[in-house]
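Please consult the sequence and structure below alongside it.

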Amino acid sequence: MIDHCSPKQTLALPDIVFASSIDEVEFVDWNKIVEEKNIYLTIPYLNALESSLPAYDFRYFSFYANDEIIGIGYCQIIKITSNEINAHELSKRMGGMLPKSLIDNIDLRILICGNSFASGENGFLFNDEIDKQRGLTFLTRATDEVHLREKKAGNKIAVTLIKEFWPESFNDVSFLKDTGCSEVNIDVNMVLRLQEDWTSFDDYLSAMTSKFRTKAKYVLKTSQKVEILDFDVESIAQRLDEIDELYNTIVDRASFSFGRLNATTLLEVKRALSDQFYFRGYYIEQRLIGFSTATAFDDVLDGNFIGLNYDFNKEYSVYQRILYDFVEHAIKIDAKYLKIGRTAEEIKSGIGALPVEMVFYAKHRNKITNAVLKPFVSNLKPSEYNLRKPFKASYYE
């Protein structure tokens with residue numbers, strides 16, 4: 001369904017065209033904004049998510065000024081229950097302030113402006129004439145309108161999240177705290193900066209100290225019996241059940257998940273992005289024991305999802321081999337940065353990734369509950385870990 005929302009003239013805000021499916025947006029206008037600026041906002045990618053996640057509701061916004069497209073955005077509306085939360089781990093992360101009994105009974109609809117499955121500013125994009133603060137003002141108006149429409153339809157939204165921002169945006173987005181949002185800093189994103197003279201994996205190893213180079217070679221040696229295959233669409237389609245099982249093993253161990261995708265989603269993303277979506281499978285004696293995916297765009301390899309059978313992990317160093325394979329592929333495609341996300345920070349720092357702080361903003365739609373929520377959110381701190389520095393001193397200069 002497409003709908004229009006025109007602002008009062010005194011607000012000096014653009015007209016907003018709403019759609020409930022990516023198929024309903026004006027493709028020409030949408031593409032005019034996206035161009036090649038953000039692969040996670042392309043129509044094929046969004047269609048892959050929407051078509052494979054029937055439990056999710058999607059809302060799309062197109063912003064117009066004088067009948068000209070000036071920006072686009074979208075949100076995912078998901079249901080969060082105790083199935084998405086490891087109550088013990090999350091309560092521990094919050095210093096015990098959030099009772100486990102409360103977490104166990106959570107049943108909420110959450111509006112996420114951004115991508116539940118990819119870190120970064122992937123929920124909106126405006127033309128170069130619209131600065132970030134102004135664009136976010138437009139965006140919050142759109143999400144407010146979605147909230148009101150859902151409420152009228154009897155589908156109340158409990159929390160709005162705008163996720164999530166890199167450090168270079170912190171100054172531009174901090175004003176959101178003045179609009180009733182809480183600033184949330186859960187975990188860092190681990191990012192490896194690749195050097196220009198790394199033209200092979202051996203160059204990468206040579207940049208390490210002898211201690212960490214020895215560790216890397218040990219991982220390569222212990223994983224020699226693992227058969228590693230690059231998956232195409234057909235390969236993924238033949239292994240959907242196995243991929244689902246391995247993916248859910250990882251998600252079940254996390255303290256919190258914004259939502260779950262499935263193997264069909266990964267299949268559809270592969271169809272949409274082709275070679276830009278890296279998908280690799282790991283086998284022992286013809287049994288799939290792990291997989292990894294990453295999205296390549298601009299000068300970045302963005303590690304997205306990992307699935308793993310932990311029964312084989314220690315003996316064959318599967319997880320660490322997956323990380324080194326990310327590095328090797330990033331070098332192969334001439335990427336400048338390898339982003340490998342949150343969690344397992346210490347292990348990821350062992351391959352050279354450094355922590356980059358990220359924040360997102362949360363707003364409970366009940367004013368009283370929002371006031372109660374803020375002290376809990378302020379007590380939610382990033383996990384602690386030991387940072388390893390595997391490279392020679394010159395790398396860090």
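Over the ring of which residue does the charged end of lysine 215 sit? The charged end of lysine 215 sits over the ring of phenylalanine 212, at 5.0 Å from the ring centre; such a charge is counted if NZ of Lys or CZ of Arg is within 6 Å of the ring centre and within 35 degrees of the ring normal. The model is predicted, with local features requiring pLDDT of at least 70 and side-chain atom pairs pLDDT 80 or more, while totals for chains, interfaces and linings use all residues. Residues are numbered from 1 along each chain as its sequence is written, and side-chain values use heavy atoms, with hydrogens and water left out.

**Aromatic rings and charges**

- Lysine 389 also lies over a ring face, that of tyrosine 396, at 5.2 Å from the ring centre.
- The count of aromatic pairs comes to 32, where rings of Phe, Tyr and Trp (its six-membered ring) pair if their centres lie within 6.5 Å, with planes under 30 degrees apart counted as stacked, over 60 as edge-to-face and the rest as tilted.
- Tryptophan 30 and tyrosine 60 form an edge-to-face pair, because their ring centres are 6.0 Å apart and their planes stand at 75°.
- This pair ties together parts that are 30 residues apart in sequence, since tryptophan 30 lies in helix α1 (residues 27-34) and tyrosine 60 in strand β3 (residues 57-65); helices (H or I, at least four residues) and strands (E, at least two) are DSSP runs, numbered from the N terminus.
- Both tryptophan 30 and tyrosine 60 are buried (buried means under 20% relative accessible area, exposed over 50%, and partly exposed in between, with a 1.4 Å probe and protein chains only).
- Phenylalanine 63 and phenylalanine 126 form a tilted pair, because their ring centres are 5.1 Å apart and their planes stand at 40°.
- Phenylalanine 63 is in strand β3 and phenylalanine 126 in strand β6 (residues 124-126), so this pair ties together parts that are 63 residues apart in sequence.
- Phenylalanine 63 is buried at 0% relative accessible area, and phenylalanine 126 is buried at 9%.
- One aromatic cluster is formed by Phe18, Phe61, Phe63, Phe124, Phe126, Phe138, Phe165 and Tyr361.

**Cavities and pockets**

- There are 2 cavities of 30 Å³ or more; on a 1 Å grid over the protein atoms alone, a cavity is a set of points where a 1.4 Å probe fits but cannot get out, a pocket is an open set with protein on both sides within 12 Å along at least five of seven lines, and lining residues have an atom within 4 Å of a point.
- The largest cavity has a volume of about 80 Å³, a volume being the space filled by probe spheres set on the points, which are joined across faces, edges and corners.
- Residues lining the largest cavity include Tyr40, Tyr45, Phe117, Leu261, Phe277 and Phe305.
- Helix α2 (43-52), helix α11 (263-273) and strand β13 (300-308) are the elements that give two or more residues to this lining.
- The second largest pocket holds about 670 Å³ of space.
- Among the 30 residues lining the second largest pocket, Gly120, Glu121, Trp166, Glu168 and Lys339 are the closest to its centre.
- At least two lining residues of the second largest pocket come from each of β6, α5 (132-152), β9 (189-193), β14 (337-339) and β15 (354-356).

**Asparagine 122**

- Asparagine 122 lies in the loop between β5 (107-113) and β6 and is buried, with a relative accessible area of 5%.
- Its side chain reaches the backbone oxygen of alanine 118 at 3.3 Å, a polar contact (a pair of N or O atoms within 3.5 Å; within protein, one must be able to donate a hydrogen and the other to accept it, and residues adjacent in sequence count only if both atoms are side-chain atoms).
- Beyond its neighbours within four places in sequence, asparagine 122 is in contact with Asn38, Tyr40, Leu41, Tyr74, Gly114 and Asn115, contact meaning heavy atoms within 4.5 Å.

- Threonine 222 belongs to helix α8 (residues 210-222) and is buried at 18% relative accessible area.
- The side chain of threonine 222 reaches the backbone oxygen of valine 219 at 3.2 Å.
- Serine 317 is found in the loop between α12 (310-316) and α13 (318-332), is buried at 7% relative accessibility, and has a positive phi near 50°.
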